[in-house]
Amino acid sequence: MTFDSLGLAPDYLRAVADEGYTEPTPVQRQAIPLVLAGRDLLAAAQTGTGKTAAFVLPILQLLADSDPQTGVARSVHAKLVRPPVRALVLTPTRELALQVEESVRTYGRHRPTRSVAIYGGVGFSPQASALRKGAPIVVATPGRLLDHVGQQTIDLSRVEILVLDEADRMLDMGFIRDIRRVLALLPARRQSLLFSATFSDDIRRLAEGLLVDPATVDVAPRNTAAELVDQLVIPVDRERKRDLLAHLVGSGRISQALVFTRTKHGANRLAEQLGRDGIPAAAIHGNKSQGQRIRALDDFKAGRVGILVATDIAARGIDIEALPHVVNYELPMVASDYVHRIGRTGRAGVGGRAISLVCVDEAELLRDIQRLLQRPIASELVAGFEPDRSLRAEPLRTVPARDRGGARGSANPGRRRTGAPTGGRGPVAPGIGIGIGIGAGRGPAVRQHPIALPGERLRRSGGPAHANPHAAGAGANARTRP
Ligand code: AMP
């Protein structure tokens, strides 16, 4: 199927062709005709599915088709001092706001519609003056948007189309009240589109109050990204992760990668250490100023730095084309974050690679991830970096909620792991079939029992894949007793 059959005008088809897109992604195939037909939409689609174009393209066309300058409404709008805001896109993060707004310019290249990105952490005045000039499309994070409403630098009373992008993230970040305040300012008669990677009860409640007779688009079973991405675990000792990463870069196995750490401090430290190792790296996280984050992202996109180290929240929504590698320098505390992380590669049907450097402390996290994926992840030992089997698991450092990138409210829905395991769950040997000894230091009775799921394979660098000799049955756990 090509883009031609979706009802898009030639100017937008040209823009899509300029981008090198040959066929629409599933979310585009389904959503574009529905949005053009004026329907409200409830769309399950996560980053990487092509969802941005799925709403930006038809919105551009809808607005252009009734353009105050060319359409029927000319006489009415010509009297206005400035063109009204006609489409409003709400996003959870500044990065996503910037990227969506960039997409508006990209896809509107041959028939431009003015747009402005509104987000916090930068000066208010330039945004106010951009708004004063008039922008039919505004892409905004909720807090700063409400600041503009308060200062009367924006009028939302003429919005015709509303998009909530990554609505689940907005709720996770505590934006629900801000969203409701924005909704109260919009005309009741409008078209509304809600995009979300997941559908919790909260999202459904929000959708019920927001959407009228919505069409549903569901193209992203949760693990779609995971299926496209070639995933690999490399077991390594916690103290040797940085050397291993440097080795992977030095040997050319990794050229450009988004590297995830659990904490902002860890991201900074790793970027600095890599820099000292002669590997240009930048960190992006919630403590960086907006300017620093944009610069880091630009440097990375332009290839001036090969390694961008990020925390989960900071990386969410950043759009980097053709990202070949995601590296989990540290596994996330919550398994679903792994799926989000690796979704940063393998974009729009093109596979990428995710490499996880896993130490003995992270065994339980790895097992959670494999359980969520419902399959094991292949593992490979890298010569010279084989883990020391005598090392014992240590508790993972507690991650304070505030370290998850400036989220408001409770941003960590998952279990929190501290030095005192609860519910009898303690560190276990990694499910990577290499028989790493486990937390003898903390529990009186510790069994060494590597876990591996059926069919798990162990590969060695440079050697043939062979069945994991240590594989025990699924669910065989090693536990420490508290
Ligand atoms: P999104 O899910 O909107 O973040 O888009 C993910 C990536 O897919 C972006 O880098 C887009 O440029 C790219 N993309 C969007 N639509 C297509 C398409 N039809 N074919 C190939 N790539 C696409």
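Visitor: Is glycine 250 buried or exposed?
Guide: This is a predicted model. Glycine 250 belongs to helix α12, which spans residues 241-250. A residue counts as exposed when its relative accessibility is over 50%. Glycine 250 has 68% relative accessibility, so the residue counts as exposed.

Visitor: How many Å apart in space are glycine 250 and glycine 278?
Guide: In sequence, the two glycines are separated by 28 residues. From C-alpha to C-alpha, the separation of glycine 250 and glycine 278 in space is 9.7 Å.

Visitor: Is glutamine 256 buried or exposed?
Guide: Glutamine 256 is placed in the loop that runs between α12 and β9 (257-260). The cut-off for a buried residue is under 20% relative accessible area. Glutamine 256 has 18% relative accessibility, and therefore counts as buried.

Visitor: Which residue has its backbone oxygen 2.6 Å from a polar atom of the side chain of glutamine 256?
Guide: Leaving aside residues up to four places away in sequence, glutamine 256 touches Phe300, Gly303, Val305, Gly306, Pro324 and His325. The backbone oxygen that lies 2.6 Å from a polar atom of the glutamine 256 side chain belongs to phenylalanine 300.

Visitor: With the side chain of which residue does the side chain of arginine 86 make a polar contact?
Guide: Arginine 86 sits in the loop between α4 (74-77) and β2 (87-90). Its relative accessibility is 5%, so arginine 86 counts as buried. At 2.6 Å, the side chain of arginine 86 makes its polar contact with the side chain of glutamate 160.

Visitor: Why do the buried residues of α1 line one face of the helix?
Guide: Helix α1 covers residues 10-18, and Tyr12, Ala15 and Val16 in this helix are buried. Viewed down the axis of α1, the buried residues line one face because they fall within an arc of 100°.

Visitor: What covers the buried residues of α1?
Guide: Following α1 comes glycine 20, with a positive phi near 85°. As for the cover over the buried residues of α1, it includes α3 (51-65) and α5 (94-107).

Visitor: At what angle do the axes of α7 and α9 cross, and what does that make α7 to α9?
Guide: Helix α7 comprises residues 142-150 and helix α9 residues 176-184, and their axes come within 9 Å. Pro142, Gly143, Leu145 and Leu146 in α7 meet Asp178, Arg181 and Val182 in α9. The crossing of these helices is left-handed. The axes cross at roughly 40°, which makes α7 oblique to α9.

Terms used: Residues numbered from 1 in each chain as written. Predicted model: local features only at pLDDT ≥ 70, side-chain atom pairs only at ≥ 80, totals over all residues. Heavy atoms only, no water. Buried < 20%, exposed > 50% of the residue type's maximum accessible area, 1.4 Å probe, protein only. Helix = DSSP H or I, 4+ residues; strand = E, 2+ residues; numbered from the N terminus. Arc of directions from axis to C-beta. Contact = heavy atoms within 4.5 Å. Polar contact = N/O pair within 3.5 Å; in protein donor to acceptor, adjacent residues only side chain to side chain. Axes fitted to C-alpha atoms, helices over the stretch in contact; angles between N-to-C directions. Parallel < 35°, antiparallel > 145°, perpendicular 65-115°, else oblique. Left-handed = near helix turned anticlockwise from the far one by under 90°.
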